[in-house]
Amino acid sequence: MIADSFGRVHDYLRISLTDNCNFRCFYCMPEEDYDFTPASRLMQTDEIVQLARIFVEQGVKKIRLTGGEPLVRKDAATIIAALGKLPVELVITTNGTRIAEMLPIFKEAGIKTVNISLDTLQPEKFMLITRRDVFHQVRSNIELLLQEKITVKINMVVMKGLNDGEIKDFINWTKHNPIQVRFIEFMPFSGNKWTSNKMFSYQEILNQIEKDFTVLPVEGSPNDTAKNFMIPGHDGSFAVISTMTAPFCNTCNRMRLTADGKLKNCLFSDGETDLLTALRNLQDVVPMIKASIWSKKKELGGQLMTHFEKLDADAIKNRSMITIGG
Ligand code: SAM
Ligand code: SF4
């Protein structure tokens with residue numbers, strides 16, 4: 001069992017397969033000419049499987065593949081197939097561009113839930129945010145997943161003045177589709193131009209939805225990072241990930257393995273533990289994992305304790321989101 005000094009058991013591992021991506025979402029990547037980590041410095045397929053197996057032996061029950069865009073990695077299919085053999089719930093977060101070709105592999109590996117990032121339902125705005133003209137491809141891939149009865153969760157980062165006016169459109173989408181839309185508060189990371197006035201808070205999101213719909217809270221599972229809601233008569237549902245204004249750290253069970261093999265005990269931790277080098281040097285990584293999680297801070301990596309309006313994003317010591325693995 002992996003636990004921290006506050007008694008939180010950690011049984012959920014998020015593995016970043018790459019810091020490479022075919023999108024350029026401005027809130028996630030530092031800049032257009034960002035240098036991706038060379039393949040030799042990333043965990044290799046067998047190293048990912050080896051580390052994942054060690055975590056599973058220590059009690060991990062759920063693994064999420066993320067990135068960067070996990071599906072741009074050339075050996076993504078091999079990795080997914082190998083991890084699918086472990087006794088864990090395997091899930092993935094993707095930008096949705098490569099679903100059609102990967103669907104057979106998802107099914108084979110037993111992936112039953114796919115989280116897709118989609119911040120707008122307007123093709124021109126999609127282009128503005130991602131700098132890629134593939135809105136319709138992502139939309140049709142979402143339809144494909146729904147046809148295949150795979151659970152779809154849509155991640156929408158809400159940014160004031162950019163897409164907050166679309167919250168109602170996303171809610172309308174849940175009327176006849178069994179999707180869960182997850183509205184995410186915009187978070188600060190290295191180089192992502194975060195300012196508090198671009199943030200659209202949990203309460204603002206809820207207020208906006210309640211203007212047009214009857215909203216009922218839904219009890220989530222114990223380690224949920226989202227506050228869950230339903231609207232009577234809608235096939236789908238929605239949730240809010242309120243990291244900035246109402247963090248859910250007291251039930252956190254998450255660990256993050258970056259694509260270059262570093263363990264982060266929190267999304268906002270400034271420290272990391274180099275498991276990949278240790279693995280390559282044939283060291284026992286289990287004590288390193290346990291020590292890292294034991295040293296986890298109570299809340300938000302100990303870095304975002306102030307009220308978000310007073311937060312100095314430049315003072316936060318962290319990687320960019322794309323190099324952490326969201
Ligand atoms: N490429 C995949 C994708 O876009 O779904 C997986 C990686 S992405 C880093 C994971 C999630 O992090 C996405 O849903 C993305 O919207 C979210 N994300 C990235 N930067 C963020 C930020 N600054 N604030 C909140 N969420 C963010
Ligand atoms: Fe790529 Fe996902 Fe980041 Fe967008 S949010 S740049 S799709 S990793």
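## Helices H1 and H2

In this predicted model, helices H1 and H2 are roughly parallel to each other, because their axes cross at an angle that falls under 35 degrees. The angle is roughly 25°, and the two axes come within 10 Å. Helix H1 covers residues 45-57, while helix H2 covers residues 76-83. The crossing of this pair is right-handed.

On the H1 side, the contact involves Thr45, Ile48, Val49 and Ala52. These residues meet Thr78, Ile79, Ala82 and Leu83 of H2. Sorted by class, the contact of H1 with H2 contains six nonpolar and two polar residues, and no charged residue.

## Helices H2 and H3

Two packed helices are described by the angle between their axes and the distance between the axes. For H2 and H3, the axes cross at roughly 15° and come within 8 Å. That angle makes H2 roughly parallel to H3. The crossing of H2 with H3 is right-handed.

Helix H2 contributes Ala76, Ala77 and Ile80 to this contact. Their partners in H3 are Met102, Ile105, Phe106 and Ala109. The contact of H2 with H3 has seven nonpolar residues, with no polar and no charged ones.

## Helices H3 and H5

Helix H3 spans residues 99-109, and helix H5 spans residues 135-147. The two pack at an angle of about 25°, and their axes lie 10 Å apart. H3 and H5 are therefore roughly parallel to each other. The crossing of H3 and H5 is right-handed.

Ile99, Ala100 and Leu103 form the H3 side of the contact, and Asn141, Leu144 and Leu145 form the H5 side. Five residues of the contact of H3 with H5 are nonpolar, one is polar and none is charged.

## The surroundings of ligand 1

How many residues surround ligand 1? The number is 20, and the closest are Gly68, Ser117, Asn155, Met187 and Asn192.

A nitrogen atom of ligand 1 lies 3.0 Å from a backbone N or O atom of Gly68. A polar backbone atom of Met187 is 2.9 Å from a nitrogen atom of ligand 1. With Asn155, the side chain is involved: one of its N or O atoms is 3.0 Å from an oxygen atom of ligand 1.

## The surroundings of ligand 2

Which residues surround ligand 2? They are Cys21, Phe23, Cys25, Cys28, Met29, Gly68 and Asn95. By class, this shell comprises five nonpolar and two polar residues, and no charged residue.

Definitions and conventions. Residues are numbered from 1 along each chain as its sequence is written. Chains are lettered from A and ligands numbered from 1 in the order in which they are written. This is a predicted model: local features need pLDDT of at least 70, side-chain atom pairs count only at pLDDT 80 or more; totals for chains, interfaces and linings use all residues. Side-chain values use heavy atoms; hydrogens and water are left out. A residue is near a molecule or strand if one of its heavy atoms lies within 4 Å of it. Ala, Val, Leu, Ile, Met, Phe, Trp, Tyr, Cys and Pro count as nonpolar, Asp, Glu, Lys and Arg as charged, and the others, Gly among them, as polar. Axes are lines fitted to C-alpha atoms, for helices over the stretch in contact, and angles run from 0 to 180 degrees between N-to-C directions. Helices (H or I, at least four residues) and strands (E, at least two) are DSSP runs, numbered from the N terminus. Angles under 35 degrees count as roughly parallel, over 145 as roughly antiparallel, 65 to 115 as roughly perpendicular and the rest as oblique. A crossing is left-handed if the near helix is turned anticlockwise from the far one by less than a right angle, and right-handed if clockwise. Contact means heavy atoms within 4.5 Å. A polar contact is a pair of N or O atoms within 3.5 Å; within protein, one must be able to donate a hydrogen and the other to accept it, and residues adjacent in sequence count only if both atoms are side-chain atoms.
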